[in-house]
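Please take a moment with the sequence and the model shown below before reading on.

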Amino acid sequence: MQGFLASWRLYGRTDRMLRNIFGILAVLLPLLLWSAVSYLPFVWHPQVLITDPGGEEYLETGMRMNRADFARAVTEMQEQHQPVPQGIPSNPVYLPSPGDVLSAFVHAFTSSAPVGAEHSITQAFAHSIRIIFWGFVISSVMGVPLGVMCGSIPAVARLVEPSVDFFRYLPAPAFGALAVAILGIYDAPKIAIIVIGTLFQQILVIANTTRKLDFSLVEASRTLGAKGLRLLFRVVIPGILPDLYRDQRILLGWAWTYLIVAELIGTSSGITWFITQQARYQHFDNVFAAMALIGIVGLGTDMVLGVVGRKLFTWKRENG
């Protein structure tokens with residue numbers, strides 16, 4: 001028996017170690033591929049960055065052009081006995097190197113930028129965080145109670161779910177013009193889009209989670225005299241809390257996806273506006289830095305919520 005337990009513990013440690021290794025590789029491999037494409041000219045580098053235009057009038061220092069076009073320009077200058085253009089292998093402007101993106105990311109947190117959503121990653125992202133927070137809070141305040149009631153009270157499900165099934169197929173961006181007409185051009189319509197995008201899915205997901213509660217628990221509680229609100233708050237809700245918590249973690253990720261659409265509505269603010277403006281000026285290092293910030297914050301938030309879930313629901317280790 002002791003040998004079996006020792007083998008089981010060894011298997012557990014090995015399994016955790018392998019998961020950690022694969023987790024690290026999942027991060028490193030894309031970075032290594034990106035670095036190879038950025039720093040090794042023979043991997044890709046389909047363009048040439050002009051360092052000296054030579055005798056060609058239409059070329060400028062810092063200009064990028066395809067290799068074939070550059071070769072023709074060099075040939076023309078050689079035939080005309082003019083100074084030959086000079087350049088170095090380069091990737092398109094929309095693919096900055098990891099070093100450039102890291103520099104832009106660090107610069108966003110270490111230097112003072114002009115005030116305005118189109119200038120500062122931190123200012124734009126802070127505004128987006130507020131939009132996400134209020135949108136998801138409002139959605140949860142309405143969606144969680146309705147979902148629990150639909151899952152535990154068949155009459156409520158028959159009354160609510162047909163309408164929810166209809167509205168969940170309507171794309172949230174379709175409500176954009178209506179939201180602006182009713183709520184104005186500031187943050188309210190953006191919050192409304194996030195609420196619309198998550199609320200109806202939230203009701204159905206939580207209702208399904210509630211229905212998965214072990215029926216024997218409900219029957220035993222009824223035998224002991226629990227009914228009505230007492231049954232709901234003392235048995236049903238505590239019984240589904242771990243799964244409800246997991247559902248909210250997943251639905252929070254959906255809220256982030258609707259943020260991009262929501263911020264295209266109304267006033268010019270938020271991380272989406274920052275990305276749009278930086279792309280317009282071809283500052284793609286800032287675009288990648290902003291996208292990385294969204295991913296880091298989103299993943300970090302989910303990891304923190306996972307740790308909190310494991311602490312709160314110690315009896316259900318699969319949560320998180």
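The briefing that follows covers charged side-chain pairs and aromatic ring pairs.

This is a predicted model, in which local features need pLDDT of at least 70 and side-chain atom pairs count only at pLDDT 80 or more, while totals for chains, interfaces and linings use all residues. Residues are numbered from 1 along each chain as its sequence is written, and side-chain values use heavy atoms, with hydrogens and water left out.

**Salt bridges**

- A search of the whole structure finds 6 salt bridges, a salt bridge being a side-chain nitrogen of Lys or Arg within 4 Å of a carboxyl oxygen of Asp or Glu.
- One of them joins the side chains of E161 and R211, with 2.5 Å from N to O, and this pair links distant parts of the chain, since E161 lies in helix α5 (residues 154-167) and R211 in helix α7 (residues 187-211), 50 residues apart.
- Helices here are DSSP runs (H or I, at least four residues), numbered from the N terminus.
- E161 is buried at a relative accessible area of 14%, whereas R211 is partly exposed at 42%; buried means under 20% relative accessible area, exposed over 50%, and partly exposed in between, with a 1.4 Å probe and protein chains only.
- R168 forms a salt bridge with D165, where the closest N and O atoms are 3.0 Å apart; R168 is partly exposed at 29%, and D165 is partly exposed at 30%.
- Within helix α9 (residues 228-262), R246 and D243 lie 3 residues apart, about one turn of the helix, and their side chains meet in a salt bridge of 3.2 Å, N to O.
- D243 counts as buried at 17% relative accessibility, R246 as partly exposed at 34%, and salt bridges that share partners join D243, R246 and D247 into one network.

**Aromatic pairs**

- The structure holds 7 aromatic pairs, counted when ring centres of Phe, Tyr and Trp (its six-membered ring) lie within 6.5 Å, with planes under 30 degrees apart called stacked, over 60 edge-to-face and the rest tilted.
- Among them, F133 and W134 form an edge-to-face pair because their planes stand at 80 degrees, with the ring centres 5.1 Å apart; F133 is partly exposed at 46% relative accessibility, and W134 is partly exposed at 46%.
- The rings of F167 and F200 are stacked because their planes meet at 15 degrees, with centres 5.5 Å apart, and the pair links distant parts of the chain, F167 in helix α5 and F200 in helix α7, 33 residues apart.
- F167 is partly exposed at 34% relative accessibility, F200 is buried at 16%, and F166, F167 and F200 form one aromatic cluster.

Key
Helix = DSSP H or I, 4+ residues; strand = E, 2+ residues; numbered from the N terminus.
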